[in-house]
Amino acid sequence: MDDILFLAHRVPFPPNRGDKIRAHHLLKKLAQIGRVHTGCFAESDEDRAGAADLAQVSTSQCIVNRTKPLVLAGVEAVMSRKPVSLTAFHSGALQKWVRDVIKQRGITTIVIFSGQMGQYIPDDFSGRVVIDLCDVDSAKFENYAASGQRVWLNAREGQLLAAKEEQLARRADATILISDAEAALFRSRLQSPSRANVQVIGNGIDAQFFDPTTSAPHPELSGRPGPHLVFTGQMDYSPNETAALWAIDSLLPHLREKLPEAQLHIVGRNPTKKLLSRVGAAGLTVWGEVPDVRPFVAGADFVIAPLMIARGVQNKVLEAMAMARPVLLTPEAATGIDAIDGEHWLMSAADPAAMTARIEKVLGDAGRADAIGAAARQFVLDHHDWGAMLAPLEGLVGADRQEARNAA
C-alpha cells in the first residue's frame, strides 16, 4: 500500500472524547494498512502531550496549535463568505505541509476526518480521497437555529456547510457516515446523490477498557444513598449542556419527589456557567473533568443520555453499555445503535414523569437492572467491536486493489 495522508481536526490522542475516539481508531486502522502521515490541530496542553503517542503511529506528522479566536474566525467567515467551521480550522502552515508531504512522499490516498479538514485537499490532487464526515454537520446547525440558538449565525452556518458537504461528496471516492440514518439524511440533502459514494462505518467500543470487572465504583456513589444517575460528556458542547440542564431542572426535582435520596452526577470537562450556576441544587453534583470516567459509570444505578439534539452515534451510550450499566436515553441519543428497548436499554421521551416511571419500575424489579446491563454489554461485544466496524476501510482506501495489483 502506498503512503496515506490522514488529516484530523484534533490530535487523536488521548482518545477521551467522542470525535477523538473515532479519529484515534481510524488512524490506528490506517497504520495497519500502510505508512501514515498525520496532520492535525492541538487546542490544549493535553492535545500537545499527545504528540508523543501520535509519533508512535505516524511515519511523519504536523501538529498546528489552534489559537485563532472564534471572533476572528467569524469575521474571516463573513468576509470570505465561508462557514465559520472552515475559517476556524484554516492554517497556512498546515496547508503548506500537506502540499510538501504529498510531493515528497508520493501520497496517493488522502483520508479526511471531519468536514472542516476537506479544505486541505489540493485542487490538483489526482489520487484517492476518503472523507469521514461522521455525521451531517449542516443539519446540526440547522437544528440549533430551529431551537432558537443564535438563529442567524447557525442558519447561515448550516446553509454554507450544506454546500461544502455537497462539494466534498462529489470530490471524494467515498464519503463515510456513522449510521444508516445519518447516511440516509446526507443523501436526502444532496442535489446530486447519484454522484456520491456514501458508505456507513459505525462507532465501535474498546470493551477491554470499558470492562465492569476492572473498574470499582467511585466511593462517592457507592457510599451514599441513591439511586445515582450519571450523565457524561463534554459539557461545553451545546447538546450536552442542554441535556444536562434539562436533567437538573426538570428530571431531578420530579425524581426526588418519588425517590428523595436520588442523586444526579454531571461528569465531564468544561461545565458551562449555566451548569455551574446549578451547583447547590438538592441531589446534584457537578464533577467537571475527572481523570477516569469509568468509576462514575460503574457506580451508576442508571446512566442517562437525555439528548434533544444528537447526530451520529453516542460514545457515552456505548461506553455505559460496555460497562454493563442500564442506560436511560431519549430516541435522539439512540440513533445508530440497534438495541432493543427494555432488553438492552430503557428508552423514553424527554419527559420527567415518563423517565421517573421507568426508573421506579426497574428499581422495583429485583435483578432487572443487572439483567439489562448484562444484555447491554453482550450487545456491544456482538455488534460494536472496533475491528469489525473498521474492516471496510481497507477497501475504501484502495488497499484491496493495491494487494490485487501486487499479486498480479
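1. A helix here is a DSSP run of H or I of at least four residues, a strand is a run of E of at least two, and both are numbered from the N terminus. The expected span of a helix is 1.5 Å times one less than its number of residues. The model you are looking at is predicted: local features need pLDDT of at least 70, side-chain atom pairs count only at pLDDT 80 or more, and totals for chains, interfaces and linings use all residues. Residues are numbered from 1 along each chain as its sequence is written, and side-chain values use heavy atoms, with hydrogens and water left out.

2. With 14 residues (92-105) at 1.5 Å a residue, helix 6 should span 20 Å, and its end C-alpha atoms are 20 Å apart, which agrees. Burial is judged by relative accessible area: buried is under 20%, exposed is over 50%, and partly exposed is in between (1.4 Å probe, protein chains only). L94, W97, V98, V101 and I102 of helix 6 are buried. Seen down the helix axis, the buried residues of helix 6 fall within an arc of 130°, so they line one face of the helix; the arc is taken from the directions from the helix axis to the C-beta atoms. On the other side of helix 6 you will find A93, K96, K103 and Q104, which are exposed.

3. What do the buried residues of helix 6 pack against? Their partners are strand 1 (4-8), strand 2 (36-42), strand 3 (60-65) and strand 4 (109-113). Contact here means heavy atoms within 4.5 Å.

4. Just after helix 6, G106 takes a positive phi of about 60°.

5. Next come the aromatic rings. Rings of Phe, Tyr and Trp (its six-membered ring) pair if their centres lie within 6.5 Å; planes under 30 degrees apart count as stacked, over 60 as edge-to-face, and the rest as tilted. The count by this rule is 4 aromatic pairs. In one of them, the ring centres of F141 and Y144 are 5.6 Å apart and the planes stand at 85°, so the pair is edge-to-face. F141 and Y144 both belong to helix 7 (residues 137-146), 3 residues apart, about one turn of the helix. Both F141 and Y144 are buried.

6. W287 and F296 have ring centres 4.8 Å apart and planes at 65°, so this pair is edge-to-face too. W287 counts as partly exposed because its relative accessibility is 26%, whereas F296 is buried at 3%.

7. Two arginines sit over rings. A charge counts as over a ring if NZ of Lys or CZ of Arg is within 6 Å of the ring centre and within 35 degrees of the ring normal. R66 lies over the face of F89, 4.1 Å from the ring centre, and R294 lies over the face of F209, 3.7 Å from the ring centre.

8. Is N203 buried or exposed? N203 is buried, with a relative accessible area of 2%, and is found in the loop between strand 7 (198-200) and helix 10 (219-222). The side chains of N203 and N315 are joined by a polar contact of 3.1 Å. Such a contact is a pair of N or O atoms within 3.5 Å; within protein, one must be able to donate a hydrogen and the other to accept it, and residues adjacent in sequence count only if both atoms are side-chain atoms. Leaving aside neighbours within four places in sequence, the contacts of N203 include R22, I178, H384 and W386.

9. N315 leads us to helix 14 (residues 315-322), where 8 of the 8 residues are buried, so helix 14 is largely enclosed by the rest of the structure. Among these buried residues are N315, K316 and E319. Just after helix 14, A324 takes a positive phi of about 60°.

10. Finally, some backbone details to check. Most residues other than glycine have a negative phi, and most peptide bonds are trans. A cis peptide bond joins F13 and P14, with omega about -10°; another joins G226 and P227, with omega about 15°. R81, not a glycine, has a positive phi of about 55° and is exposed at 72% relative accessibility. C134, in strand 5 (residues 128-134), has a positive phi near 70° and is buried at 11%.
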